[in-house]
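Visitor: I've got this one open on my screen and would like a quick walk through it. Can we take it question by question?

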Amino acid sequence: MAERAQYEELIRQFSAFGAVKREMGRILPADCPGGSAAVLTLLGRHGDMRISKLAELLAVDMSVTSRHVAHIADRGWIERSPDPADKRSRILRLTPAGRAQLDELSERTTQLLAHRLSDWTDDEVGQLTRLMTRLRASFDDCRSAPARPPAPPEVEQTTRTPATTTK
């Protein structure tokens, strides 16, 4: 297990990583905020799905997912059709316009990463990808179990009266 100082540095790096995410967000088209881009990406990667599955993959509340879905449906990037197995549910599917938007998002982010990581070797980019994938998997494993903070350190009970100082 890593030393406490390494975890503390990792926390600092996670915090600083917000700047990377913000820059990636700035390259998105004005009508396609980050949540919408995430929905398009997941539909592109996993194919047609119910909104409940999408909410699970996004790891956000169903109401948040519904807002993202409504936003991209209004732009014609997805269609919602009745689920043949359950007419009360809808299946989300990318439209050709949605596929084009996803292709544009992919091109923009690929160009940004290629530019920003131009001084990295292929091995370094591969290593970063593997480690980020492993990190994400570690958190996915925990998603179904409630998060529990670590137990506080044991405090030794004493019956001694604390010392007092006089001036």
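Visitor: Which helices each supply at least two residues of the lining of the largest pocket?

Guide: Keep in mind that this is a predicted model. The pocket in question has a volume of about 2400 Å³, and 42 residues line it. The helices that each supply at least two of the lining residues are H1 (4-26), H2 (34-46), H3 (51-58), H5 (96-116) and H6 (122-143).

Visitor: And which helix gives the most to that lining of the largest pocket?

Guide: By class, the lining has 24 nonpolar, nine polar and nine charged residues. Among the residues nearest the pocket's centre are Met132 and Arg136, and both numbers fall within helix 122-143. With 12 residues, the top contributor is H6.

Visitor: How do H3 and H4 sit relative to each other, roughly parallel or roughly perpendicular?

Guide: Ile51, Ser52, Leu54, Ala55 and Leu58 of H3 meet Met62, Thr65, Ser66 and Val69 of H4. By class, that contact has six nonpolar, three polar and no charged residues. The axes are 9 Å apart, at an angle of about 110 degrees. Angles of 65 to 115 degrees count as roughly perpendicular, so the two helices are roughly perpendicular.

Visitor: Over in the sheet, what is the bridge partner of Met49 in S3?

Guide: The three strands form an open, antiparallel sheet in the order S1-S3-S2. S1 (49-50) is one of the edge strands, pairing on one side only, and two bridges join S1 to S3 (residues 86-94). Met49's partner in S3 is Leu92.

Key: Residues are numbered from 1 along each chain as its sequence is written. This is a predicted model: local features need pLDDT of at least 70, side-chain atom pairs count only at pLDDT 80 or more; totals for chains, interfaces and linings use all residues. Side-chain values use heavy atoms; hydrogens and water are left out. Two strands pair if DSSP finds at least two bridges between them. Helices (H or I, at least four residues) and strands (E, at least two) are DSSP runs, numbered from the N terminus. On a 1 Å grid over the protein atoms alone, a cavity is a set of points where a 1.4 Å probe fits but cannot get out, and a pocket is an open set with protein on both sides within 12 Å along at least five of seven lines; lining residues have an atom within 4 Å of a point. Grid points are joined across faces, edges and corners, and a volume is the space filled by probe spheres set on the points. Ala, Val, Leu, Ile, Met, Phe, Trp, Tyr, Cys and Pro count as nonpolar, Asp, Glu, Lys and Arg as charged, and the others, Gly among them, as polar. Axes are lines fitted to C-alpha atoms, for helices over the stretch in contact, and angles run from 0 to 180 degrees between N-to-C directions. Angles under 35 degrees count as roughly parallel, over 145 as roughly antiparallel, 65 to 115 as roughly perpendicular and the rest as oblique. Contact means heavy atoms within 4.5 Å.
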